[in-house]
Amino acid sequence: MAPSDRFHTPRPRRFAICACVALAMAAALPTARGRALPSQSPAAATRAVSDASPAPEPAIAVRLPFSRLGAFRPIQLTGTRDTGVIGLGIRLDRVVTRASLHLVYTYSPALLPSVSQIRVLFNQQVVASIPLRQQAADDAGKVSTVDVALDPRLFTGFNQIALQLVGHYTMDHCEDPANTAIWADISPSSLLAIDERPVALADDLALLPAPFFDEHDNTRLVLPFMLGGAPDDELLRSAGILASWFGKLAGYRGARFPVATGFPTSNNVVLLGTPASLPASLKIGPIQGPTIMVRTNPAAPDRKVLLILGRNDAEVRNAVYGLVLGQMVLSGASAQVGRVDIGPPRKPYDAPKWVSMDGPVKFKDLVDDPAQLQVSGSAPDPIRIKMPVPADLFEWSGRGIPLDLKYRYTAPSVVNDSMLSVDINSLLVKSYRLSPRSPQKSDPVIGTLRLPLLTDSGSGVSSFIDIPSFRVGSANEMELRFSLESQRSGVCGGAGVNRARAAIDPDSTIDFSGLGHYAVMPNLAFFANSGYPYTRLADLADTDVVLPDHPDATDVETMLEVLGHMGDWTGLPALRFGIVRASQVRAPLDKDLIVIGSGDTAALLKGWNGVAPLRIAKTAAAHAGPGPSQRDGQRDQRVASAPAGSEAYTVSLVERRAGASGAPRERTVTLDQHGGLGAIVGMQSPFDAARSVVALIGTDATSLRNVSRVLADSGASGFIDGDVAIVRDREVQSMRIGPQYTVGHLPWYARVWMVAAAHPLLLAVFSVLAGILVAMGLFVGFQSIAARRRGG
């Protein structure tokens, strides 16, 4: 999910948008070492700087429009006291030296200037109050600007800028706080101006994963890996495990892992290998076993190197295990890893980020804080609950997914339009009208005081819902939206006084345990959205990554980024995946395969022509100009010409569905060397009918890199489907041209039911025949009984 999808709603009453200052600029800022606690001031952070730190770097100006902080639309403030919140992260290796806020806003002409204002709060401290006074008679309703200075000492790791409207249109005590005349809009062109300076942090493993990954940084993680000239399978596997861990940490931010051949000058870097393979500039002495170190980057003194070392590949792997499983207890500039036990193999469908399949799951286990299940006001933001589940969940009986929903609310005194709506993936499931309070619930309890979840006169309700299974996918979001109308009473019956609150009970449950696991494959949407079928085992024990015999940097980078996605999808490092070179792939191979390669994939998928719906082969001959022709009963379409002796690629799309003659149809498209093309291809494994293959391929390194970028783009990846997805730059075109197969298991009676449901006419015939047989059986039985009676 992109940050904008996660933190912004079209018209929020109260919303949170997070962004990081440090990486908002195109050029990365210098890094250093030392940690400031969230409550520490920059001065306290500076005291953590090591004595060997270089002289302070000059401050660098950063200008962040609200649109770059996630507020792509105007922040709309309505009512007498409405607040919009923007979140801001400051990396641990940065300190703010100067800051100011430039607000661009518009407000209602109906507001009284003497009692209306916009309050600016920074980390819950009021820093300014902007009176809504008109300098000229026609100023109201027009764009206004103001600059607010911010004290840099107030900045911490996580910061909030709150903009609160205090608006009034009359001095009458019966003023309606929900009147539409009370409004103010904050423009996305408003900006935060910050001068920040790098801070040198001490070499301390206790700071991990910072500065290599900083939780305060909400931009995409870019972390180069150095693996030496020709890494072997074990070293690549260790790098993949580490990349999946960083991908798990990065989460919705996404992660890139470029493969570097030398120390980068603008990034921190991860280096894996043995002491003998290290550059001499690092000056690392002998080691005694698996070792984790942090050192200064020789090419950039303000950057750091995370070293994962061992005397052999097995020790390097153990050092990786020690980091991803024991990071919380590391400290000092270096640590040696002793014995490592990665635990028993994972069970299917037990990924930490997935909803449990073992029984009803309480809502309190699906949110970080039960306070997220409470709202207040007349039109609060919906309560959002993430519910990721396996992509192969299958409900064959049509009964749906049981949801036991319990909720409380401040009951209205009269019947009105207050309601609760339940949505799954933006599709309405059910709505409930919130009924007024009953006399019994408003009666006081004498002698006993029970503190309910909500104050005021609340109502508690329990409802049981069956969610239609077709509305549930692998990545689900439930929205519970309360609409609470204002209460109106007394002499101010025309004015609403809204103190309404509502909450979903944390003990509400949803139960996915009754669903089977069955899927029609290939389905690239499963792979693009949740990594299925590879994430079926969270540690990827059933997965092998197939690389070319001599992979280049782009091949390895793509592998690392795919594994980073796997870590994000499962919430667990890929501890047990394997690596196989293309020439070593042969039966028997009881594994799901991820094939990665650029250039001539004919060798990479050698012998797979019977199942591959797409092939890319390198040619070096001159081709005729464009024009369709018939060749060997197949359609050959020339779409480009290449000079003699130049390098070109032949892309074959193979229609495997049986035609009139029973033979597959093949279309051949010839591209010249400038026509880059990437593709994601899904197919049944040629080595095991119950296994799957997904191939990420491209005609060149750039095309393969585009495939990787599409997977990281939440917008573009939504178009990946079928069994072939063609990628040109960032554009995706999906199709289904190959045969389908099924994975998973269903009981025999479920399969019979599915066949019957797919053929209603056949079901009707069998029903009639069954009825006749039953009638005949009953007739014969009754005749026999009658005969015995007559004979008796």
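Contact here means heavy atoms within 4.5 Å. These legends describe a predicted model.

**Figure 1. The whole chain and its confidence.** The protein averages a pLDDT of 79. Of its residues, 76% score at least 70. One is residues 1–54, for which the model has 157 contacts beyond four places in sequence. The other is residues 439–459, with 29 such contacts. Where pLDDT is low, the predicted coordinates should not be read in detail. The secondary structure comes to 11 helices and 43 strands. Of the 792 residues in the protein, 49% are buried. Among contacts with a separation of 6 or more, 78% are between residues 24 or more positions apart. The accessible surface is about 36200 Å². Carbon and sulfur atoms account for 54% of that surface.

Figure 2. G516 lies in strand β30, which covers residues 516–521. Its relative accessibility is 18%, under the 20% cut-off, so G516 counts as buried. Which residues does G516 touch beyond four places in sequence? They are D392, L393 and F394. E395 is 6.3 Å from G516 in space, C-alpha to C-alpha. In sequence, G516 and E395 are 121 residues apart.

**Figure 3. The salt bridge between E561 and R256.** The two side chains meet at 3.9 Å, N to O. This pair links distant parts of the chain, 305 residues apart. E561 sits in helix α7 (residues 553–570). R256 belongs to strand β13 (residues 255–256). E561 has a relative accessible area of 3%, so this residue is buried. R256 has 25%, so this residue is partly exposed. Side chains of opposite charge can pair when their charged atoms come close. A search of the whole structure finds 28 salt bridges.

Figure 4. R709 and E557 form a salt bridge through their side chains, at 3.4 Å, N to O. R709 is in helix α8 (residues 701–712), and E557 is in helix α7. The pair is 152 residues apart and links distant parts of the chain. Are R709 and E557 buried or exposed? Both are buried. H565 is also placed in helix α7. Its relative accessible area is 13%, so H565 counts as buried. Leaving out residues up to four places away in sequence, H565 touches L711 and A712.

**Figure 5. D544 pairs with K591.** The closest N and O atoms of this salt bridge are 3.5 Å apart. D544 is in strand β31 (residues 543–547). K591 is in the loop between β32 (578–581) and β33 (592–598). The two residues are 47 residues apart, and the pair links distant parts of the chain. D544 has 6% relative accessibility and so counts as buried. K591 has 21% and so counts as partly exposed.

**Figure 6. The largest nonpolar core.** This core has 66 residues. Those with the most contacts inside it are F225, L242, F246, L272, L306 and I308. Which helix gives the core its largest share? Helix α3 (residues 233–250) does, with 9 residues. L272 touches F225, M226, L227, L235, S238, A239, L242, I308, V316 and V320, not counting residues up to four places away in sequence. A second, separate core has 40 residues, including F363, I385, Y407 and A538. In soluble globular proteins, nonpolar side chains tend to be buried together.

Figure 7. The patch covers about 910 Å². L761, L762, V765, F766, V768, L769, I772, L773 and M776 make it up. V765 is found in helix α11, which covers residues 760–791. How accessible is V765? Its relative accessibility is 43%, so V765 counts as partly exposed.

Note on methods
Residues are numbered from 1 along each chain as its sequence is written. This is a predicted model: local features need pLDDT of at least 70, side-chain atom pairs count only at pLDDT 80 or more; totals for chains, interfaces and linings use all residues. Side-chain values use heavy atoms; hydrogens and water are left out. A salt bridge is a side-chain nitrogen of Lys or Arg within 4 Å of a carboxyl oxygen of Asp or Glu. Helices (H or I, at least four residues) and strands (E, at least two) are DSSP runs, numbered from the N terminus. Buried means under 20% relative accessible area, exposed over 50%, partly exposed in between (1.4 Å probe, protein chains only). pLDDT is the predictor's confidence in each residue, from 0 to 100. Accessible areas come from the Shrake-Rupley method with a 1.4 Å probe; for residues, only the protein chains shown count as cover. Patches are made of residues with over 30% relative accessible area and no salt bridge: like charges are joined within 9 Å, nonpolar side chains (Val, Leu, Ile, Met, Phe, Trp, Tyr) within 5 Å. A nonpolar core is a set of buried Ala, Val, Leu, Ile, Met, Phe, Trp, Tyr and Cys residues joined through side-chain atoms within 4.5 Å.
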